[in-house]
Amino acid sequence: MIWTSLDSWIVIAAALAGASAALVGAFLVLEKMSMMGDAISHAVLPGIAIAFILTGSRVGGPVLVGAAGFGVLASMLVHVVRRSGRLDDGAAMGVVFTVLFAVGLILIEQAARHVDIHPDHVLFGSVELVPLTVVEIGSMVIPRGVAVLAVVLFVDLVVVILFFKELRLVTFDPALATTLGFNATWLHYLLMTLVALTTVAAFEVVGSILVIAMLVVPGAIAHLLTRRLAPFLLVSVASAVLAAAIGHVAAITVPLRFGFEDTNTAGAMATVLGLLFFTALLVAPERGLLTRAWTMLARRMIVRTQDVLGLLARASERSDGDGLSVNEFRTVHRSPFAARATGLRVGLMLSRIRGFVRREHGRYRLTERGRAAARRVLRVHRLWERFFHDVGKVGLIDLHPAADYLEHYTDAELRDELEKEFAGTDTDPRGNPLP
Amino acid sequence: MMMDRFMRVLMLADYNTRIVMFGTVLLGIAGGVVGTFLLLRRRALLADAVSHAALPGVVGAFLLAVAVGTGGRSLPVLLAGALVSGLLGMGCVMLITRFTRLSQDAALGIVLSVFFGFGAALLGIVQKMRGAQAAGLNSFIYGSAASMIRTDALLIGLAAAVVVVLAALLFKEFRLLTFDPAFAAGDGWPVGRLDLLLMSLVVAITVLGLQAVGIVLVIAILIVPAASARFWTESLLVMVLVAALIGAVGSYLGTAISALAPRLPAGAVIVAALGALFLVSFLFGGSRGVVRAMITRSRVIRRTVRQNLLRVLYECEESGLDHDADEQMRYLSASRRWTPRTLRRMLRRLEREQLVYRVPGEQRQLTRTGRYEAMRITRNHRLWEVYLLEHADTAAAHVDHGADSIEHVLGDALVAELEEAVPRFGKTLPQSPHALVQEEQGGGS
C-alpha cells in the first residue's frame, strides 16, 4: 500500500462528509424520516444541474443554493401530493423524487456538453478528484471540497448545539412539545434545509445514493447502542469517521488481494458502514442478537443446574447422601425436566463443571459446595410454596409448578423478604421441612 | 428530416423499434398493474430497496461470468444475479424491522444504500479490469431501451406479460389482500402466501425493468402510474386499468424519445414522460385532481353565498324593510360581511337568473320563482334551528350559526327527517326562533 498526501486528503474529505451527514441524519433516524433523506438527496439534482448550466461550475455558492432550494421544494411537493392524492408518505416520496431525479439526469446530460460532468459523478461521487482542486486560505493550501465540507460541518454543529434542547424535545416527545405550545414546523424545515445542504456538500465526495448510507446507517448504529441523545450523536459521528478511514484503506488494499486494481472509496465506505451496522446488530450490549441469545442461554444453563440440585436435595432427604443414577432422577418428582434426557444430561454436566456434583460408579452425589447450593434452591422452592399457599390461597396441587418456576428467578433480596415473611415457619404447606 | 425520423419511430416503422417497444410497453403495463397493489399496500419504497439491492447482484454475476470465461453480457445471467441480491435485500429489510426497534424506513435506507455501495465498490473494480466490457453494465444503472437487443426485449416483454396474466387471475385475491387483510385471514385465505406472491411479482417487475429503466429509477414504473391513476378513480378495477394505460403510454413515449436522442439516459426519459402524465393527472384527474377539487370548491362556495343572499332577501321582506332601497341595502350588507361591491355583483347575478327584479323605487323584489326558492332555503334553515333548540339543547343565541353551517348540504331525505322531528309545522314555513333585526339597525317592523 502506498500512502500519499492525496490519500490523507481523501480520508479527511470522506470523514468530514460522513460526520456532517451522520450528525443531521441521526435526527432523521430518530424521527423515523430516513427515507426523506433519500428523497431529498435525489430531488436536489435538478437544482445542481441548473446551477451547472447557469454558472458552468461544479461547486460553489450557486450549486448549494440551487440544491437547498430544490430540497425544500421537494419536501413541500411530497406534502402536497400526499394530501391531495391521499397517498401514503412512501408513495408520495417515490413519485416526487424519481421524477425530479429523472429531470435532473436529463439536465446533467445537457450540462455535460459545457461542463466536465458525468452522471457517474452524481451517482457515485468522485472523492478521488477532491484533492485536485485546491484553494488557498491564508498560508494553507487545502482542497476546495474539504474547505466546503468543513464549513458545512461547522454550520451543522452550530445549529445542533444551539437548538439541542428543542431538537431533543421534538424528537423524543412531540406530544409534550405540542402541549408546551412549541411549534415544531419551523424546526422541521430547518432540519430539511440542513439535510439538503449537507447532502449537496457531500455529493462531490459520495454521490447521491451513497450519501443515504452516511445519513441513515450511522444513526441506525447509534440506535442499537444507546438511548440518550448526546451519546447517540457521538456514536453516529464516530462511526461515520471510522468508516471513512477503514473504507479508504479497504478500497486501495482489499481488491489487490484478489488480483484486481483498487476501487472507489465511497462504495467501500458504505460497505464498511454496513458491516459496522451488522456487527452492532449482533453484539450490541443489551439489544444485540448474539447478546440476547447468550443471555437467554446463560439463563437456561442456570435453570438446568438448579433443577439438578433441587432433585438431588429432595433425594438426599429420603436416602441420605446416596445420590441418584440417571434413571433414578426420573422417579424423584416425576419432574418434566428430568423426563427430557438431553436437558438432564446438560444439567448434570454443568453441575459437575461448577463442582456441585460428582459422579461415582454411575451415581451422582452432591459435593460439599453442592449441598449448600442445593439446600438453598430447595428452601427457596418451599418458601414460595408457603407463600402461594398462605398468602395466595393456592391449592396444594397447583403449588409446585409456580414455585418451580420462581425458584430460578429469586435473587438474594427477594429471598430475604421471603425469609422475613415466614420467619416462624419451618415446614412447607405439605409438612416437608425447610432445609 | 427530424420530423420524418420522429414519425418513423412513433409509427413503429422499423422492426427493431417495434420489438423494443413491445418489451417496454408490456413492462409499463405490468408495472402499472402490480404497482397499483403495491401502492395500496403502502409498500411503495420497498421496491426502491429491492432495485438498489440488485446492483451487487448484477455486477457480481458479471464478474462470475467473466471468471468462468463467458463474455458476461448475457441478460438472463445478470438478471438472475439481480434477482438473488434483490431478494436478499428484501430479506434484510424484513430481518432488521423484525429484530430491531428501527422503523421500516430506516431499514429501507440502510439496505438500499449499503447494498448499492457494495455494488458501486464492485463496479469500481470491474471498470478497471482489462478486457471486460464494463460499458454494458452502465445500461443497468441508467437504463438504455435503445440498445436493447431483440432477444432481450422479447424476454422482458413476455415475462411482463406473464406477470400481467398472473395479476389478472389473482385480481380478486389481491383486492381482498389490499383492502382488508384481517378479514381475508379470518375468512381462511392464505394471506401470508398471497402477500409473498404479490411481493414476488414486484421483485419480478423491478428486475425486468433494470435493463430498460435502470436501477435508480426503476421503481418509478411501479409507483408513478399507480399514483397517477389514484387521481382519476376510486374503484380498484378502473385504477388498475388506468395505471396500466398510463404505464403503457409513458413507456411508449419515453422509448420513442430515447430512440431519437440516444445520448439521453433512457430510464430518465421514460420516467420524465411518466412524470408528465402524473402532472396531468395531478392537475386534471377526474376524482382527486387539483383543478377538479378547486372547481368543486368554488361551486360549493358560490352556491352557499347565493342561498345566503336569497334567505337574507326573504328575511328582509319578512321584516318589512324592503320598501326603501337604502334601507334594504343596509339590511343586506349588515347581515353578512359583504362589501357593497360583492353585494351588487351577486344581486346582478340573481337578476340574470330572474330570481330578483328591480322596481322603479330601486329596491329589489323577489320574483315568484325567487320567492319560492328563498322560502325553501329559509324553511330548511329554520327547521334545523328549531331542531337544534328542541333536540340538541342548543342555546337560542347559537342556533343561527349552527344551522348556517349545515343548511346548504341538507338533502331531501334529511329535510324529510327534519319535518318528522318537528312535525307541528307541517309543510308551512316556521317563524324565525330568534329576532331577525339586530339592535343597531334600529326598530323596524
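Domain bounds here come from an automatic or database domain assignment. On that basis, chain B splits into domain 1 (2-265) and domain 2 (295-438), and the centres of these two domains of chain B, taken over C-alpha atoms, sit 59 Å apart. Chain A is handled likewise, with domain 1 (5-284) and domain 2 (292-421); for chain A the separation between the two centres, again over C-alpha atoms, comes to 57 Å.

A word on the ground rules. This is a predicted model, in which local features need pLDDT of at least 70 and side-chain atom pairs count only at pLDDT 80 or more, while totals for chains, interfaces and linings use all residues. Residues are numbered from 1 along each chain as its sequence is written, and chains are lettered from A and ligands numbered from 1 in the order in which they are written.

Chain B has 19 helices and two strands, where helices (H or I, at least four residues) and strands (E, at least two) are DSSP runs numbered from the N terminus. Its C-alpha atoms fill a box of roughly 105 × 60 × 35 Å along the principal axes.

Within chain B, helix α2 (residues 15-40) packs against helix α10 (residues 191-213) at about 145°, the axes being 10 Å apart. Axes are lines fitted to C-alpha atoms, for helices over the stretch in contact, and angles run from 0 to 180 degrees between N-to-C directions. Residues contributed to this contact include B:Gly23, B:Leu27 and B:Phe37 from α2(B), and B:Leu198, B:Ile205 and B:Gly209 from α10(B); contact asks for C-beta atoms, placed from the backbone, within 7 Å. By type, the residues of the contact are 11 nonpolar, four polar and no charged (Ala, Val, Leu, Ile, Met, Phe, Trp, Tyr, Cys and Pro count as nonpolar, Asp, Glu, Lys and Arg as charged, and the others, Gly among them, as polar).

Then there is the meeting of the two chains, which takes 51 residues from chain B and 53 residues from chain A. On the chain B side, the elements giving two or more residues include α3 (44-67), α13 (266-284) and α14 (290-318). The most comes from α5(B), with 15 residues. This side of chain B divides into 36 nonpolar, eight polar and seven charged residues.
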